[in-house]
Structure formats: C-alpha cells, structure tokens
Amino acid sequence: MAILASDIEAMIRAGFPDAKITVMGDDGQHFAAEVVDASFKGMSRVAQQRAVNATVKSAIDSGELHALALTTKALE
C-alpha cells in the first residue's frame, strides 16, 4: 500500500507538533520533507535529521516508506 504525503506529515507532526512541515512527493514511496522547528536550536543537522527520522521509523522499517530526503532548520 502506498503511503501519502499527508501520512508522513502526520507522523512527523506527532513528534514535532509546532513545526512548520512541508512534505513533497507523489509516487507513494519517495518523498522530500522540510521540517522547521524551534527544538532544533543548538542541534547539529545530523541530530535534527535523526530526530525526524525517528518519527517515521515504523514506516521505513515496514518498507511502506522507501526514501525520505530531509531538510531541517531551527526556527529563528
């Protein structure tokens, strides 16, 4: 079953309720997301991306989500 961009946004939003989240992609497997959140302040990009990846881990582990390119930023 293909995953939707809205499903990915909901998973990320569960971990980052106040974030500005944009998810792009429509082939059901390959997506890109931009996540901007105040909690990223002082974190390295790697740590930011690991935190976001943790929110979608179940979809990645199940094979439902094949690829998610991430851009993360601290809210200024």
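Which residues does I12 touch, not counting residues up to four places away in sequence? Keep in mind that this is a predicted model. In it, I12 touches I21, A33, V35, V52, T55 and V56.

The largest nonpolar core has 17 residues. I12 is among those with the most contacts inside this core, along with I8, F31, V35, V52, L65 and L68. Four elements each supply at least two residues of the core: α1 (5-15), β1 (20-24), β2 (30-37) and β3 (67-74). Of these, β2 gives the most, with three residues. In soluble globular proteins, nonpolar side chains tend to be buried together.

Now turn to the strands. Three of them form an open sheet, in the order β1-β2-β3, and the pairing is mixed. The strands β1 and β3 stand at the edges. Each edge strand has a single partner, so one side of each is left without a neighbour in the sheet. On average, neighbouring strands are turned by 10° against each other, direction ignored. Look at β2 and β3: they pair in the parallel sense, over eight bridges. For A32, the bridge partner in β3 is A69.

Next come the helices. Helix α1 packs on the sheet and touches β1, β2 and β3. The direction of α1 makes about 150° with that of β1. Helix α2 lies across β2 and β3. It runs at about 125° to β3.

Helix α2 (residues 45-55) also holds Q48. Is Q48 buried or exposed? Its relative accessible area is 4%. The cut-off for buried is under 20%, so Q48 counts as buried. The side chain of Q48 has a polar contact of 2.7 Å with the side chain of T72. Leaving aside neighbours within four places in sequence, Q48 is in contact with F40, M43, T72 and K73.

Conventions:
Residues are numbered from 1 along each chain as its sequence is written. This is a predicted model: local features need pLDDT of at least 70, side-chain atom pairs count only at pLDDT 80 or more; totals for chains, interfaces and linings use all residues. Side-chain values use heavy atoms; hydrogens and water are left out. A nonpolar core is a set of buried Ala, Val, Leu, Ile, Met, Phe, Trp, Tyr and Cys residues joined through side-chain atoms within 4.5 Å. Buried means under 20% relative accessible area, exposed over 50%, partly exposed in between (1.4 Å probe, protein chains only). Contact means heavy atoms within 4.5 Å. A polar contact is a pair of N or O atoms within 3.5 Å; within protein, one must be able to donate a hydrogen and the other to accept it, and residues adjacent in sequence count only if both atoms are side-chain atoms. Two strands pair if DSSP finds at least two bridges between them. Axes are lines fitted to C-alpha atoms, for helices over the stretch in contact, and angles run from 0 to 180 degrees between N-to-C directions.
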